[in-house]
Amino acid sequence: MEKEIMDAMAMKRALTRITYEIIERNKGVEDIVLIGIKTRGVFLAKRIAERLKQLEEIDIPVGELDIAEYRDDIHAINHSDRKSNTGLADLDLQGKTVVLIDDVLYTGRTIRAAMDAIMDVDRPDHISLAVLVDRGHRELPIRADFVGKNIPTAQNEKINVLVHEIDDEDLVSLETK
């Protein structure tokens, strides 16, 4: 059974609110870099960057982060070439404020892997986290700085985020397994 939680307009409003909060918390957008976690976090990061450009008239760099080789639940990977496979090699993060963007925050393990990947590439001054949905059930002490919507869930439920760029529609739904 699936229940719609956010439609396209609600998603747009949530991303706009996150955008304004990023500007407020950072007192502008100087030295900000957005990094979207593949796959859907990348598209959300690009949308936030577009909105920041409309509001602040500045192009914000957007990186695409692949954390596959940083996952702590995959042990068969050769970690010697991790740095070059993240997708961040061309970004200058030194002295920057990184806003890490993902679609759903759940256990925190994806975010921990993303922070490890970022620190392997460079040393930003600050890393903050923006998520469209925070569903709870943390296994690690990680908290989002910017949240589109808090959706408390049960362990047997799943949050599905659809984005127009991949799925031909914007939608967040709650699925009971």
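This is a predicted model: local features need pLDDT of at least 70, side-chain atom pairs count only at pLDDT 80 or more; totals for chains, interfaces and linings use all residues.

Trainee: How do you know that the span of α2 is close to the expected one?

Mentor: Helix α2 has 17 residues, for which 24 Å is expected at 1.5 Å a residue, and from its first C-alpha to its last α2 reaches 24 Å. Just after α2 comes Glu57, which takes a positive phi of about 55°.

Trainee: Which residues of α2 are buried, and what do they pack against?

Mentor: The buried residues are Gly41, Val42, Leu44, Ala45, Arg47, Ile48, Ala49 and Leu52. They pack against the helices α1 and α5 (164-167), and against the strands β2, β3 (62-65), β4 and β5.

Trainee: Why is Val133 called buried?

Mentor: Buried means under 20% relative accessible area, and Val133 has a relative accessible area of 0%, so Val133 is called buried. Val133 has its place in strand β5, and, leaving aside neighbours within four places in sequence, Val133 is in contact with Met6, Asp103, Val104, Leu105, Lys149, Ile151, Ile159 and Val172. As for Leu105, it is 28 residues from Val133 in sequence, yet the two are 6.3 Å apart in space, C-alpha to C-alpha.

Trainee: What makes a group of residues a nonpolar core, and which residues have the most contacts inside the largest one?

Mentor: The members must be buried residues of nonpolar kinds such as Ala, Val and Leu, joined through side-chain atoms within 4.5 Å. The largest core has 29 residues, and Leu34, Leu132 and Val172 have the most contacts inside it. Among the elements that give two or more residues to this core are α1 (8-25), β2 (32-37) and β8 (171-176), and the largest share, six residues, comes from α1. A second, separate core has 23 residues, including Ile67, Tyr70, Leu93 and Ile142.

Trainee: What makes the charged end of Arg135 count as sitting over the ring of Tyr106?

Mentor: One requirement is that CZ of Arg is within 6 Å of the ring centre, and another is that it lies within 35 degrees of the ring normal. The charged end of Arg135 sits over the ring of Tyr106, 3.9 Å from its centre, so the distance falls within that cut-off.

Trainee: How many aromatic pairs are counted?

Mentor: The centres of two rings would have to lie within 6.5 Å, and by this rule the count is zero.

How values were computed: Residues are numbered from 1 along each chain as its sequence is written. Side-chain values use heavy atoms; hydrogens and water are left out. Buried means under 20% relative accessible area, exposed over 50%, partly exposed in between (1.4 Å probe, protein chains only). Helices (H or I, at least four residues) and strands (E, at least two) are DSSP runs, numbered from the N terminus. Rings of Phe, Tyr and Trp (its six-membered ring) pair if their centres lie within 6.5 Å; planes under 30 degrees apart count as stacked, over 60 as edge-to-face and the rest as tilted. The expected span of a helix is 1.5 Å times one less than its number of residues. Contact means heavy atoms within 4.5 Å.
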